[in-house]
Amino acid sequence: MSEKKNTLPRVAYFCMEYGLDNRFKAYAGGLGILAGDYMKGAKQYDYPIVGIGIKWKQGYTDQFIGEDGKPYDSYKNYDYDFMEDTGISVPVTIRGRNVQCKVWKLDAFDNAPLYLLDTDVPGNEDAWITGQLCGWFGEERIAQEMVLGVGGIRALRSLGIEVDTYHFNEGHALFAGFELMREKMEDGMTFEEAWKASREQIVFTTHTPVIQGNESHPVDRLIYMGANLGMKPSQLRRLAGDPFNMTVGALRLSRKSNAVAQLHGETANKMWAHIHGRSDIVAITNGIHRNTWVDSAMLDAAEKGGDLWEPHQKNKRALLELIKRKNGVKLDENKLLIGFARRSVPYKRSDLIFSDPDTIAPYLKDGKIQIVFSGRAHPLDDTGKAIAANLVRMSEEYPKAVVFLENYDMEIGAAITRGSDLWLNNPRRPKEASGTSGMKAAMNGVLNLSVLDGWWPEACDHGVNGWQLGDAFESEDVEEQDAHDLAALYKVLLEEVVPTYYENHKKWLEMMQASIQSTREAFSVKRMLEEYYELLYQQ
Ligand SMILES: *Cc1c(COP(=O)(O)O)cnc(C)c1O
């Protein structure tokens with residue numbers, strides 16, 4: 001065993017989803033992609049980390065566009081041949097019934113060992129618990145979180161894996177903290193003592209800068225499900241109120257927390273300022289696993305100061321081929337191509353660019369601007385689906401310039417952040433916690449045009465390594481905010497980006513070089529892991 005592995009704190013990382021490989025359907029979006037990159041970084045840089053997750057039978061939704069131009073969900077059962085049966089199974093009592101959780105091991109994707117819990121085993125009445133990763137509500141959600149948290153700790157014990165620090169990536173893993181407390185109370189500690197001792201072992205990452213995105217449950221429901229593990233209702237209320245807020249619980253049951261970008265650190269501290277007795281929230285900006293997302297030919301060329309255009313055009317052609325194969329549309333490799341791939345939710349404003357057709361239509365009609373979109377909506381989110389349907393309508397209105405790639409996944413994510421010329425990101429500020437897709441783009445020499453949200457304020461040097469739009473303007477008035485940002489988007493896009501692309505090739509190349517060099521280390525998972533150790537894990 002290496003020196004590092006002998007001396008650093010041993011960490012167990014808990015997360016509901018992992019985006020490790022396109023064949024492994026265990027991620028919905030950014031949270032999972034971060035967790036997947038983290039596990040690969042842990043392996044590459046030799047950290048003593050194991051992961052705990054769930055083996056989802058059907059993963060997240062596969063979302064296809066129907067004949068009517070609207071997204072439809074489809075689920076299928078996945079069997080994997082790249083997982084190892086540990087032979088271990090651990091019990092969790094859920095709603096009064098014994099649920100056996102089978103433990104699989106996965107390390108097939110150059111990742112640190114990941115242990116996955118699975119309730120779909122013969123004899124389980126509740127085999128459905130690990131059916132779908134769709135962020136169910138209410139009792140089903142709690143059942144999934146009990147498998148992850150309680151089952152996860154029991155799996156670690158059964159496997160004989162020793163742990164110094166438990167890292168909860170989002171509040172979903174909070175019941176692991178309850179199990180740590182239960183173990184201590186069983187050994188004779190009081191509730192207070194067990195709380196205090198357990199929080200010394202736990203760190204927590206918060207991701208959601210939108211208050212409604214933070215899950216909560218009535219205390220009665222937690223008791224009914226058995227998630228309290230013997231704790232009294234009054235004790236649960238002390239931890240996180242009633243309704244019981246999972247983020248508040250994690251903030252109070254951890255020694256340290258982190259937000260996922262510097263700006264998000266400020267937002268999160270404001271958002272949770274009223275919570276007494278919570279852990280400090282420090283900011284650790286996300287990073288990406290370069291080998292997964294970045295074309296090594298681009299990195300090499302940038303390193304050597306070589307020609308960036310040829311490797312870039314190669315990546316662009318690969319994206320255009322993917323678009324041709326999936327949608328039958330042939331875009332022009334010599335025209336500006338904007339990439340935009342986001343979860344379909346209103347604050348991301350996927351269709352902002354179409355808001356004033358008089359301004360933008362001429363560019364789309366003559367193909368001077370081409371746009372490739374992708375993004376899935378949550379299966380239960382009709383508003384999100386309407387956004388995707390609108391993008392499909394736009395692709396019909398501008399058939400030679402706009403395409404929508406259905407069923408956004410890691411393959412599309414990689415192709416689109418390599419092969420676009422410009423990466424557009426225009427959420428309503430400050431709602432984007434981090435946004436790792438912009439980092440993928442930046443390191444591939446795909447220039448960012450983004451509002452100053454998430455990670456971008458830390459990297460942006462306007463007109464040097466990309467562009468910002470909107471000057472960090474914020475307004476409570478959504479219409480005012482949108483009008484302001486739309487004007488800013490058109491101004492930068494049409495007066496700076498387009499002329500640079502078509503008329504100042506030399507400057508564009510210099511910006512690509514600056515984009516790669518200014519981000520390749522600063523937003524790598526290596527730097528992120530170093531900060532996790534320095535700011536969260538070391539005591
Ligand atoms: C990178 C990636 C994400 C995360 O991107 P954001 O910038 O957070 O939107 C989500 N899904 C896929 C498939 C990705 O490749």
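The dialogue below walks through the domains, contacts, ligand surroundings and backbone features of a predicted model.

Trainee: What should I keep in mind about numbering and confidence before I start?

Mentor: Residues are numbered from 1 along each chain as its sequence is written, and side-chain values use heavy atoms, with hydrogens and water left out. The model is predicted, and local features need pLDDT of at least 70, side-chain atom pairs count only at pLDDT 80 or more, while totals for chains, interfaces and linings use all residues.

Trainee: Into which domains is the protein chain divided?

Mentor: Domain bounds come from an automatic or database domain assignment. Here domain 1 is made of 3-205 + 217-256 + 284-288 + 527-537, and domain 2 covers 290-523. Taken over C-alpha atoms, the centres of the two domains are 33 Å apart. Their contact (heavy atoms within 4.5 Å) takes 29 residues from domain 1 and 31 residues from domain 2.

Trainee: How much area do domain 1 and domain 2 bury between them?

Mentor: The size of an interface is often given as the accessible area lost when the parts come together. Buried area is the accessible area (1.4 Å probe) that two parts lose on being put together, summed over both. For domain 1 and domain 2 the value is about 2,500 Å², with 54% of it on carbon and sulfur atoms. On the side of domain 1, Gln 63, Ile 65 and Ile 288 lose the most area to domain 2, together 27% of what that side buries.

Trainee: How many salt bridges and polar contacts are counted between domain 1 and domain 2?

Mentor: A salt bridge is a side-chain nitrogen of Lys or Arg within 4 Å of a carboxyl oxygen of Asp or Glu, and one is counted between the domains. A polar contact is a pair of N or O atoms within 3.5 Å; within protein, one must be able to donate a hydrogen and the other to accept it, and residues adjacent in sequence count only if both atoms are side-chain atoms. Helices (H or I, at least four residues) and strands (E, at least two) are DSSP runs, numbered from the N terminus, and α2 (30-44), β3 (62-65) and β4 (71-74) each supply at least two residues of the side of domain 1 that touches domain 2.

Trainee: Which residues come nearest to the ligand?

Mentor: A residue is near a molecule if one of its heavy atoms lies within 4 Å of it. Of the 13 residues around the ligand, Asp 409, Gly 435, Thr 436, Ser 437 and Lys 440 come nearest. A polar side-chain atom of Ser 437 lies 2.5 Å from a ligand oxygen atom, an N or O atom in the side chain of Lys 440 is 2.6 Å from an oxygen atom of the ligand, and for a polar side-chain atom of Arg 342 the distance to a ligand oxygen atom is 3.5 Å.

Trainee: Where are the cis peptide bonds?

Mentor: One joins Asp 242 and Pro 243, with omega about 0 degrees, and Pro 243 lies in the loop between α7 (233-240) and β11 (244-245). Another joins Arg 429 and Pro 430, where omega is about -5 degrees, and Pro 430 is found in the loop between β17 (422-425) and α16 (437-443).
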